[in-house]
Amino acid sequence: MSIQTAYTSFSNFPQRSKLLEEKALGAICFIDNSSDSNAIEKIEMPAIQLHTSILDGLYGACEIWLSNASLGTEKALTNGYLGDISYRLNDDFLFGVITLPESVSSEIDGDISPLQFTTESAYRQIFALMDEMNYPYIYRFWNYMEDINGVSHGLERYRQFNVGRKAAFTACSNAVHIQLPAACALGVTDGPLSIAFLLGRQSPIAIENPRQISAYEYPEEYGPQTPSFSRATLLHSEQATLLFISGTASIVGHQTLHPTDVVAQTKETLINLEAVIAEANRTIGEIKFDLMDVFLRVYVRHAADLSLIKNEMQRHLGSAMNAVFIQADICRQELLLEIEATAKCITESSSS
């Protein structure tokens with residue numbers, strides 16, 4: 001499987017431009033207000049730029065998806081556009097981004113919120129791309145929106161997003177091989193709906209957390225439509241094994257635990273991450289992954305909680321943990337942090 005992740009600070013983009021032009025499928029970058037937002041635009045690859053506070057771990061603020069194939073070779077990367085989507089692909093993977101300002105069609109019922117309409121439009125475009133380019137499997141979605149916990153049109157905005165996403169999944173289920181992928185959904189201070197995604201041609205395995213009810217089976221109290229994601233997506237082959245872990249928080253069953261205790265939430269979140277990794281290892285039949293060895297992106301609701309979260313994570317993982325801490329709002333108002341990760345294990349006999 002010709003893909004890997006790299007992490008860097010946004011300021012290092014100019015120095016790595018040649019590598020990025022040749023090997024980068026795309027990137028997700030968190031940028032503070034002092035950064036030059038034109039740095040990515042000078043490199044021809046799909047990327048989303050999210051303006052927010054990087055609380056710690058600046059070196060890892062940009063996640064870059066790299067292909068083992070280079071431009072100018074038989075398996076060169078290919079750039080393309082479809083509708084509002086920018087994408088780049090190799091034989092195995094397609095990385096794409098779509099950024100849409102929230103709007104609503106004059107032909108649509110006025111009860112539909114701009115976020116719901118825009119979400120459904122974005123996902124329908126992604127599914128159309130999957131069908132046209134013959135990348136039938138979804139591995140990972142990253143979703144970012146303004147004011148995720150705000151209420152309008154009688155419904156919290158995250159729940160509006162879920163309604164729009166589910167409508168697109170339902171409408172397109174016959175057109176492409178739809179399965180529920182790993183995903184996250186976070187709130188940023190401002191900006192359009194921004195979605196990055198990773199598609200592929202190898203059938204994945206959806207991983208659930210035995211400590212939690214699957215998100216797509218949540219009861220009605222969490223909104224008119226359930227969230228459309230799995231706890232993780234597993235890709236397993238003779239060459240390499242990849243695990244995409246969704247945004248994970250202090251939820252057991254379907255309920256938030258420790259709503260006012262950020263230290264307890266951190267501990268519960270790490271236990272959930274370990275449970276997902278253990279389930280992935282059980283599915284494979286051997287221990288491939290360990291929480292100690294993965295890079296973690298930690299979304300923190302309140303910057304003042306950073307030291308408490310870091311201290312608890314270091315107590316659990318050790319001082320050498322690899323993590324970046326980003327200020328963002330979480331999908332439930334009472335959740336104070338969320339953690340996501342990607343892990344890859346290469347078979348020793350493989351050179352891929």
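Student: What should I know about the model and its numbering?
Tutor: Residues are numbered from 1 along each chain as its sequence is written, and side-chain values use heavy atoms, with hydrogens and water left out. The model is predicted, so local features need pLDDT of at least 70 and side-chain atom pairs count only at pLDDT 80 or more, while totals for chains, interfaces and linings use all residues.

Student: Where does Gln265 lie?
Tutor: Gln265 is part of helix H4, residues 262-284; helices are DSSP runs of H or I with at least four residues, strands are E runs of at least two, and both are numbered from the N terminus.

Student: Is Gln265 buried or exposed?
Tutor: Gln265 counts as buried because its relative accessibility is 0%. Buried means under 20% relative accessible area, exposed over 50%, and partly exposed in between, with a 1.4 Å probe and protein chains only.

Student: And what is Pro259 in contact with?
Tutor: Beyond its neighbours within four places in sequence, Pro259 is in contact with Gln265, Glu334 and Leu336, where contact means heavy atoms within 4.5 Å. Pro259 sits in the loop between strand S18 (255-256) and H4, and it counts as partly exposed because its relative accessibility is 44%.

Student: Changing topic, which residues touch the most other members of the largest nonpolar core?
Tutor: Phe127, Phe141 and Tyr144 do, in a core of 71 residues. A nonpolar core is a set of buried Ala, Val, Leu, Ile, Met, Phe, Trp, Tyr and Cys residues joined through side-chain atoms within 4.5 Å. A second, separate core has 31 residues, including Ile207 and Met313.
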